[in-house]
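Here's a quick briefing on how the copies in this assembly sit against each other. Have a look at the model first, then run through the points below.

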4 protein chains.
Amino acid sequence: MAKETPYIFELEMKVRDYEVDSQGIVNNANYLHYLEHTRHEFCEAVGVSFRQMQSRGIDPVVSKIEISYLTPLRLADRMRSCLWLERKGARFIFHQDIYDMKGNMVVRALVNIVSLENGRLSRGDTLAESFASTLSPAT
Amino acid sequence: MAKETPYIFELEMKVRDYEVDSQGIVNNANYLHYLEHTRHEFCEAVGVSFRQMQSRGIDPVVSKIEISYLTPLRLADRMRSCLWLERKGARFIFHQDIYDMKGNMVVRALVNIVSLENGRLSRGDTLAESFASTLSPAT
Amino acid sequence: MAKETPYIFELEMKVRDYEVDSQGIVNNANYLHYLEHTRHEFCEAVGVSFRQMQSRGIDPVVSKIEISYLTPLRLADRMRSCLWLERKGARFIFHQDIYDMKGNMVVRALVNIVSLENGRLSRGDTLAESFASTLSPAT
Amino acid sequence: MAKETPYIFELEMKVRDYEVDSQGIVNNANYLHYLEHTRHEFCEAVGVSFRQMQSRGIDPVVSKIEISYLTPLRLADRMRSCLWLERKGARFIFHQDIYDMKGNMVVRALVNIVSLENGRLSRGDTLAESFASTLSPAT
């Protein structure tokens, strides 16, 4: 039986005209903007505040992104940006997929976040507490 | 007799592909990026350091921009971005023009900068000292 | 008696993190993106289709922008982007103001649009037909 | 003995202020812009013209990017953006690394390009001819 994709957050967005390039499709870098904006809206929704973290000396940074481009978005297209979250040791892996409104997968991405504490790579325990309720159980 | 345009700084740049939009021309917002980058290169060239200013509580901010779009730039076009600088009371006015390599004017802009000191609008005297050697004489 | 500002369209948006620069405020160029996106949403709302216009050889382009920066937007701020529209001869002037959620004016802008027909500056009559129902009466 | 990294193209660039975000470092999406710009400059340098390709119905598109973020770039930093190129079946893999001026690796990326011919995924033979002189021998 097929396993459901365990998305825990979803954001609808719309392509803005300046995000489309001379080929008539959204430029590849803009998808990282969509993904980032989705993560930030997710964090806000679950009550994780970057300002609070920073005031405690905790600084989450992107360490690696893998992104596959499957179906291009065009002028004025709408999209659904979905994510779920997993911890692997010191890394937090955001599984982020964007779909067009017909249900085609637009991009599929893995975004690795690590947590710096006072400028050094941390084990991520503080960040894990913040995300506790949303993390998928270790497998 | 025609008065020469008194440019005091010039920077050559090249259009990057992602700056071009679906109409095949550079998106209007990107010209503000070109203008800003030119001002920063100018400041660096004349030894005005934003970090030093900020450490003294001085914060130059853009208060107004007027920009006319005359000739569009396209994929891979080169440009010359030129400026001269004038003080009017508390305001510093950057006269910024961009030309294509045939000499056509691409955009003509007036960029007004004011100087905040410790968060309040200042008379601009400290910033004026920094720019002293480059300011056109009051007319 | 104060004349009401005759806005005919309004869009709510939210600052995305990548739009904020190292001074902690939205970079000045991004406001042109907000304004452009608002105009496009407006056109879509009133049924003016750029694709249809382009297929008829009509190409609206920005010829001039005047923008005053009054109150900076910061990380995660929400805004209301409002506009009304006026025709002056061949030019269409979008009066565009952005407010923060406390009602402070963030930027005030005049955006001039002219209409190219088959590559040449037109009198704008075709575009005026499209906007007929939304244009303020000539004053 | 260490194998030399077989870079075949290198471009020096400088961080522009608007590319830096509120954390004081270059936003992760901007590195894709740097990488793209480097590929385009490379293509131009070796005489591969996108316009010519498009006129022949060939459209190279990014299918996948893997990027690791190692050392952040900051305001006004300079960088060296290097690449070499490999073919794997229908895919062209750009190995792209960016270094700061001290020689630290800033990002390491693999960018997969596939070639659409008349809208369909091709075996890439036409694109391979264009890149013939620059492709690393199959291993």
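This is a predicted model: local features need pLDDT of at least 70, side-chain atom pairs count only at pLDDT 80 or more; totals for chains, interfaces and linings use all residues.

Residues are numbered from 1 along each chain as its sequence is written, chains are lettered from A and ligands numbered from 1 in the order in which they are written, and side-chain values use heavy atoms, with hydrogens and water left out.

- The same surface serves both copies, as 100% of the contact residues of chain A recur in chain D (contact means heavy atoms within 4.5 Å).
- Chain B can likewise be laid on chain A, with an RMSD of 0.0 Å, a turn of 180° and a shift of 0.0 Å along the axis.
- That is how a two-fold axis relates copies.
- For this pair, 100% of the contact residues of chain B recur in chain A.

**The interface of chain A and chain D**
- Here 19 residues of chain A are in contact with 19 residues of chain D.
- About 1,700 Å² is buried between the two chains, and carbon and sulfur atoms give 45% of that (the accessible area, 1.4 Å probe, that two parts lose on being put together, summed over both).
- On the chain A side, A:Gln23, A:Asn28 and A:Tyr69 lose the most area to chain D, together 26% of what that side buries.
- The rule finds six residue pairs in polar contact across this interface, both residues at pLDDT 80 or more (a pair of N or O atoms within 3.5 Å; within protein, one must be able to donate a hydrogen and the other to accept it, and residues adjacent in sequence count only if both atoms are side-chain atoms).
- β2(A) gives the largest share of the side of chain A that touches chain D, 10 residues (strands are DSSP runs of E, at least two residues, and helices runs of H or I, at least four, numbered from the N terminus).

**A residue in chain C**
- C:His33 is found in helix α1 (residues 28-45) of chain C.
- Leaving out residues up to four places away in sequence, C:His33 touches A:Tyr18, B:Asn27 and B:Ala29.

Conventions
Copies are superposed by least squares on the C-alpha atoms of residues with pLDDT of at least 70 in both.
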